[in-house]
Structures are given as structure tokens and as C-alpha cells.
Amino acid sequence: MWFSPLARYIWALPNTLVGLLFVPVATMDRGAMQIHTGVLELHGPLIAAILRSWVPIAGGAAAITFGHVVLGRDLASLDATRPHERVHVRQCERWGPAFIPAYLIAGLWAFLTGTGAYAGNYFERQARRDEASVTMREDIRTAR
């Protein structure tokens, strides 16, 4: 994307604000946060409980992205899902305030067409397809 980093952060800000609502949750009960490659990552027991019980996927989610904030069950979950979640960060930067409604509509469409609200969701399919290239870009950036 050709926009400046500041413009991408501003365009994704409505999504990021949703993620920032979880900062107090992460800081309670032995939770923690860190910044990794420009993204705030939150984890902890309460975040894990939310991801297990509030995300409508069998078994819940290991992580979820809201703009430049990623919630993960724990550090291992954040490490394991980082390439996939970074694709969602880029999607938030691209779609801006329309991302969350578009994601929900894509999930509904996938559900109605029988491909599954999560597995058939356009944004999830794109994230699965592109996560390998995110890993390669991260490795290149780290090597510099």
C-alpha cells in the first residue's frame, strides 16, 4: 500500500479503537501487552476466556485483530498466529472503517452459501493465502 504509515494508522483507527477497549482487560489478572512490528498485542487469562467463549468458532479463537491491536490467548498463541493476524492488520489498513462491517457481511454471505461463516469468509481465505508472504516480509525486515 502506498499510503504513509501515519495515514494507514489513522484510516484503521476506528478498528483500533475497538481493540483498545480490551487494554484494561489485558492488564487485569496477570495479562500483559507488547508492541511487535507496530502492532499492540494483548494477552492474558481474561482475554483467553473471551476468545474461547465469545468468538463463534468451534473452540473459540487463538487470536483476533482489531486494527492495530491483536488479542491473543497467550504469548504462544500470538507467536503462532502473527503472520495470519498481520494480514488482517493490512486488511484493516486497506478497508479502514468499513473493515468490521465488511468482515461480518462476508461471514454472513459465506454462511448463507454453505461455505462456513469462518472458513468461507473472504477475509479469512485471503489471510490463509497471504500469511506465508507476511512471514517472508517479517524475516527480511528482521534481517536488515
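Contact means heavy atoms within 4.5 Å. The model is predicted, so local features need pLDDT of at least 70, side-chain atom pairs count only at pLDDT 80 or more, and totals for chains, interfaces and linings use all residues. Residues are numbered from 1 along each chain as its sequence is written, and side-chain values use heavy atoms, with hydrogens and water left out.

**Exercise 1. Find H68, state whether it is buried or exposed, and list its contacts.**

Step 1. Locate the residue. H68 sits in the loop between β3 (63-66) and β4. Helices (H or I, at least four residues) and strands (E, at least two) are DSSP runs, numbered from the N terminus.

Step 2. Check the accessibility. Buried means under 20% relative accessible area, exposed over 50%, and partly exposed in between (1.4 Å probe, protein chains only). H68 has a relative accessible area of 5%, so it is buried.

Step 3. List the contacts. Leaving aside residues up to four places away in sequence, H68 touches R8, Y9, A12, T16, G38, V39, L40, V89 and E93.

**Exercise 2. Two residues on that list, R8 and E93, form a salt bridge; describe the pair.**

Step 1. Apply the cut-off. A salt bridge is a side-chain nitrogen of Lys or Arg within 4 Å of a carboxyl oxygen of Asp or Glu. In the R8 and E93 pair, the closest N and O atoms are 3.4 Å apart.

Step 2. R8 lies in helix α1 (residues 5-11) and E93 in helix α5 (residues 75-95), so the pair ties together parts that are 85 residues apart in sequence.

Step 3. Check E93. Its relative accessible area is 5%, so E93 is buried.

**Exercise 3. Trace the salt-bridge network that contains E41.**

Step 1. Name the members. The network links E41, D79, R82 and R86.

Step 2. Take R86 and E41. Their closest N and O atoms are 2.9 Å apart. R86 is in helix α5 and E41 in strand β2, 45 residues apart, and the pair links distant parts of the chain. R86 is buried at 1% relative accessibility. E41 is buried too, also at 1%.

Step 3. Take D79 and R82. Their side chains meet at 3.0 Å, N to O. Both lie in helix α5, three residues apart, about one turn of the helix. D79 is partly exposed at 46%, whereas R82 is buried at 11%.

Step 4. The structure holds seven salt bridges.

**Exercise 4. Which residues of the largest nonpolar core touch the most other members, and which elements supply at least two residues each?**

Step 1. Define the core. A nonpolar core is a set of buried Ala, Val, Leu, Ile, Met, Phe, Trp, Tyr and Cys residues joined through side-chain atoms within 4.5 Å.

Step 2. Name the residues. The largest core has 13 residues, and F22, L42, I47, L51, V69 and L71 touch the most other members.

Step 3. Name the elements. At least two residues each come from α3 (23-27), β2 (39-43), α4 (45-53) and β4 (69-72). Helix α4 gives the most, with three residues.

Step 4. Look at L42. Beyond residues up to four places away in sequence, its contacts include F22, I47, V69 and L71.

Step 5. Find the other core. A second, separate core has six residues, among them C92, A102, A106 and F123.
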